[in-house]
Each structure stands twice: as structure tokens, then as C-alpha cells.
Amino acid sequence: MATQHLTTTNLRVNFRGKHSSSRNVRTGVPQGAVTSPILFNFYLNAIPAPPDGIKLVQYADDISVFATGTVLHDMASLINSYSEKLTDFLSERDLIVSPEKSTVTLFTPDTKEANLQPNVYVQGKKVDLCKNPVLLGITFDTMYTFSKHVANVVSKAKKKLNLLKCLAGATWGQDKSTLLLTYKSICRSVLEYGAPIWAPAISDTNWNKLQSIQSQALRLATGCLLMSGIDHLHQETKVLPLRIHSNMITKQFLAAFFQDRHPGHKFLGRNKTGRNLKKTLLSFEDEVQDHFRTEKYKTVVRNIHTKTVQSTISNYPVNRVLNCNPPVINKVENTLDRRTRVQLARLRSGFSRLVQSYMSRIDDKEVDECPLCKAPNHNVNHLFNCDKNPTHLSPLDLWNNPTEVAKFLKLPDG
């Protein structure tokens with residue numbers, strides 16, 4: 001077995017094409033090595049145990065100390081007392097804690113306390129107040145609303161959305177499946193990162209901001225117009241609404257807590273102690289626990305997904321064209337041109353430039369009547385029932401027989 005000794009490791013810096021002289025590394029672990037996290041955990045294994053009233057949350061060298069209570073001064077005193085022991089322990093191991101890089105945050109539901117700064121010190125220096133600390137990529141805030149986190153995520157997701165716009169338009173580009181896969185990979189993963197932490201807590205307004213990004217992505221994938229309903233976009237793409245999907249993965253994450261050896265197992269049952277946990281993932285505990293009465297973990301995770309999908313589909317409103325729940329789109333549509341698939345998706349939504357009902361809504365100069373028979377209310381249903389252009393097809397064939405509909409309507413593939 002090959003071994004690596006830090007005493008024989010040399011490092012140098014490359015800056016603007018020039019190399020610095022090499023220096024021997026005597027401490028630390030190799031960055032990116034598989035064993036480095038384990039070695040670092042061994043290195044800090046003897047970290048001082050926090051006293052009663054203090055909790056320690058650690059991920060590698062990212063250490064957070066927190067206290068809960070009703071008296072600010074008492075909580076700050078507890079943290080100050082423990083931080084002295086902690087910094088001494090770290091200093092003995094050549095791990096320097098920087099007061100300038102340390103921050104303190106007060107989490108409170110009281111708006112009057114939101115601007116208070118706890119008197120917390122590190123190495124004799126008062127720690128700065130930070131109302132929006134970032135822990136492992138999640139932006140927290142004093143009032144536990146995660147509004148700042150949502151704003152940051154939306155900003156990042158919009159940049160990802162621009163990549164989708166470069167991949168396809170209404171008449172050119174990648175197919176719907178490729179665009180959806182790209183969205184899920186580079187955009188939805190950003191929107192839902194850390195969902196079990198913030199999903200139970202954020203407001204309807206913040207959910208709408210996140211959903212707006214997904215709705216834009218689904219419109220890009222399908223080519224549907226802005227007037228098309230959000231429910232139609234999700235049915236057309238078989239993508240769950242963002243809030244429903246985020247809550248689903250939160251429940252699946254919580255399901256792991258019910259395994260005896262899981263670190264989160266100790267948190268179960270706190271709902272029964274009278275604590276207010278409505279804004280945490282434990283608010284789903286009873287629902288998830290019901291599955292474990294007769295099922296095992298992997299089955300529970302799968303069944304949570306199945307139940308969520310079935311419930312979502314059954315609660316969708318009826319399609320405005322069919323006036324009932326639509327069937328699954330025939331896979332033969334995958335062989336059609338991007339332009340044709342866009343037109344078919346728009347027709348299934350009920351809003352298309354091929355019908356005057358839509359055109360008259362966006363332009364007062366347009367008249368809502370059939371160009372062939374002059375009948376009023378020229379909608380999608382009329383396309384299949386016009387006396388001047390008879391056909392055996394019906395609106396249902398937009399789903400069941402898209403290739404024949406394309407021929408009938410003289411779309412590009414027709």
C-alpha cells in the first residue's frame with residue numbers, strides 16, 4: 001500500500017505564468033485526498049465537549065457554536081466561556097482561529113431583537129454581528145425566513161436559465177427532453193439545494209419567486225406562450241411543481257432519520273414535547289412515520305415519491321382544451337421537428353397563434369372568428385370542427401396522434 005508523508009510534500013505557487021520557490025509542507029492534509037476528511041476528524045477527535053446549554057456543529061474545519069435561551073447575556077457568557085477552551089485546543093494543534101473572520105448571529109422571532117448584537121469574544125476581540133451567515137451554502141437570517149437565501153438562489157438560477165435560452169428557441173435548437181434534463185441538472189439542483197433546511201420555513205411569496213424560475217424553464221423547454229397555464233407546463237413536461245418536489249425530497253431525507261444508526265434519529269419525537277417545529281423538516285414526521293409502520297426505508301422513499309406524484313396528478317385542474325384530464329403524449333411526437341412540437345404543445349395549452357381567440361387577446365385589431373367559415377370563437381376545438389376544413393381527427397389527437405395532427409394542420413413535419 002502506497003503512503004504519502006507530508007514532510008516530503010513540496011508546494012509552489014503559479015501566478016501569471018511565473019512560479020514561486022518551493023516550500024516544504026510540515027502540517028495539514030493533502031487537499032482533495034480521499035482520506036483527508038477522516039484524518040482531520042481524527043485530528044480533532046479530542047475537541048472539548050461543550051457544557052450544558054451549548055451545542056457544537058462541525059463540518060471539517062467549519063465550526064459553529066450556539067446556545068439557546070431567553071436571556072441574551074447568559075447565552076453570550078456561556079459561548080465566551082466555551083470559546084476560550086475551544087480556541088486553546090485548536091491553537092495547541094496549530095489551527096488558528098481568526099476573530100476577524102468569525103461572526104455572531106442572533107436568531108429570534110422578535111423584530112425588536114433583530115438588531116441586537118450579542119457580546120461574544122474570540123481571543124479578546126469582539127466578534128462582528130452577521131445577520132446573514134452562510135453555512136455550507138445555505139444563507140440563514142435572524143428571523144429564520146430564508147428570504148436572503150431565496151434571493152441569492154434566484155440570482156444564480158437566472159444565470160443558469162440563460163444557458164437554456166442559448167440551447168433552443170421556438171423554431172430551433174434542442175428537443176424538449178434534452179432541455180428538461182439540462183434544467184434539472186444545472187438549474188433545479190441550484191433551486192433545491194439544501195431544501196430540507198429551508199423548504200418548511202419559507203413564505204408563499206418566496207415559493208413564488210422560486211417557482212417563477214422553473215416556470216420560465218418549462219416554457220423554454222416546451223415553447224409554450226406566456227399565457228399558458230403553469231399546471232399545463234408541468235403536465236406537458238411531467239415535472240412536479242417546485243414546492244411539491246422540494247417537500248417530497250424533504251420527506252425522503254427525513255425518512256432516513258428513522259434508521260436507528262442515523263445521526264438524525266435522536267431528533268425524532270420532539271413534536272411530542274410541545275416544541276414548535278412547524279418551520280422545520282420535523283413538521284413532516286407524523287406523515288413519514290405512517291409509512292414505517294409496515295414498510296422498510298428504501299420502500300418508504302419510493303412510496304413517498306409515488307404518493308406525491310399520484311396526488312399531484314389527481315389535483316391538477318382539467319385541461320382547457322379537453323375539459324378533462326389529458327392522457328400521456330404519444331412517444332411518436334419525439335420524432336417530430338422542434339417547430340412542430342412547439343406548435344402542438346401550444347395547441348394543447350389552448351393558446352396558439354394558429355387560433356384567432358388567442359390572437360384577438362393580444363391584438364385588438366384581430367377578430368376572433370374562423371378565417372375559413374367566419375364562425376366566432378375560433379379556438380383549438382374549432383380547428384377540428386370547421387365545416388370548411390373537415391377531418392376525422394379531434395382535439396384528443398393532439399396527445400394520441402400528433403403526427404396526423406401535424407399533417408392536418410400543415411405544420412413543418414406535416
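The model is predicted, so local features need pLDDT of at least 70 and side-chain atom pairs count only at pLDDT 80 or more, while totals for chains, interfaces and linings use all residues. Residues are numbered from 1 along each chain as its sequence is written, and side-chain values use heavy atoms, with hydrogens and water left out.

I begin with the cores. A nonpolar core is a set of buried Ala, Val, Leu, Ile, Met, Phe, Trp, Tyr and Cys residues joined through side-chain atoms within 4.5 Å; buried means under 20% relative accessible area, exposed over 50%, and partly exposed in between, with a 1.4 Å probe and protein chains only. The largest nonpolar core has 32 residues, and F146, Y183 and L191 are among those with the most contacts inside it. A second, separate core of 22 residues includes L225, Y358, L393 and L411.

I turn now to the aromatic residues. Rings of Phe, Tyr and Trp (its six-membered ring) pair if their centres lie within 6.5 Å; planes under 30 degrees apart count as stacked, over 60 as edge-to-face and the rest as tilted. The whole structure holds eight aromatic pairs. In one of them, the ring centres of F107 and F140 are 6.3 Å apart and the planes stand at 80 degrees, so this pair is edge-to-face. F107 is partly exposed at 43% relative accessibility, whereas F140 is buried at 14%. F140 also pairs with F146, in a tilted arrangement with 5.4 Å between centres and 55 degrees between planes. Together with Y144, the residues F107, F140 and F146 form one aromatic cluster.
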